[in-house]
Amino acid sequence: MSDGPEWFAPKRYGYGSGMPISWQGWALTIGFVLLNVVIAVELSNRPLQLVAVAIPGFVVFMVICARTTRGGWRWRWGDDG
């Protein structure tokens, strides 16, 4: 996956993304957190709607993270200096 943008560093151990390494990754992460806080405050009395809105947003965020992680998502054992 080195053809696309690299917004997140891979985790050293395990599966998934680590910390953002570009301004786009930081903007995406901060925007995602702020959006979830606003949604949680607005829908605090309606848990079903909160879940219905939060889950698709989380899935979209995870797909973007997976597609923009350097080297893609795969299991890592910490060997890659």
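1. Start with Phe 32. Its relative accessibility is 18%, so Phe 32 counts as buried. The cut-off for buried is under 20%. Keep in mind that this is a predicted model.

2. Phe 32 has an aromatic partner. With Phe 58, Phe 32 forms a tilted pair, 6.5 Å centre to centre and with 45° between the planes. This pair links distant parts of the chain. Phe 32 sits in helix H1 and Phe 58 in helix H2, 26 residues apart. Is Phe 58 buried or partly exposed? At 46% relative accessibility, Phe 58 counts as partly exposed.

3. Now look at the two helices themselves. At what angle do H1 and H2 pack? The angle is about 175°, and the axes are 11 Å apart. H1 is therefore roughly antiparallel to H2. The cut-off here is over 145 degrees.

4. Next, who meets whom? From H1 come Leu 28, Thr 29, Phe 32, Ile 39 and Ala 40. They meet Leu 50, Val 53, Gly 57, Phe 58, Phe 61 and Ile 64 of H2. Sort the residues of this contact by type: 9 are nonpolar, 2 are polar and none is charged.

5. Step back to the aromatic pairs. How many does the structure hold? There are 4. One of them joins Tyr 15 and Trp 73, with ring centres 5.6 Å apart. Their planes stand at 70°, so this pair is edge-to-face. Tyr 15 is in the loop between strand S2 (13-14) and strand S3 (17-20). Trp 73 is in the loop between H2 and S4. The pair therefore ties together parts 58 residues apart in sequence.

6. Tyr 15, at 49% relative accessibility, counts as partly exposed. Trp 73, at 24%, also counts as partly exposed.

7. Finally, the charged side chains. How many salt bridges does a search of the whole structure find? It finds 1. The side chains of Arg 70 and Glu 6 form this bridge, at 3.7 Å from N to O. Arg 70 lies in the loop between helix H2 (47-67) and strand S4 (76-77). Glu 6 lies in the segment before strand S1 (8-10). The pair therefore ties together parts that are 64 residues apart in sequence. Arg 70 is partly exposed, with a relative accessible area of 37%. Glu 6 is partly exposed too, at 32%.

Conventions: Residues numbered from 1 in each chain as written. Predicted model: local features only at pLDDT ≥ 70, side-chain atom pairs only at ≥ 80, totals over all residues. Heavy atoms only, no water. Salt bridge = Lys/Arg side-chain N within 4 Å of Asp/Glu carboxyl O. Helix = DSSP H or I, 4+ residues; strand = E, 2+ residues; numbered from the N terminus. Buried < 20%, exposed > 50% of the residue type's maximum accessible area, 1.4 Å probe, protein only. Axes fitted to C-alpha atoms, helices over the stretch in contact; angles between N-to-C directions. Parallel < 35°, antiparallel > 145°, perpendicular 65-115°, else oblique. Contact = heavy atoms within 4.5 Å. Nonpolar A, V, L, I, M, F, W, Y, C, P; charged D, E, K, R; others polar. Phe/Tyr/Trp six-rings, centres within 6.5 Å; stacked < 30°, edge-to-face > 60°.
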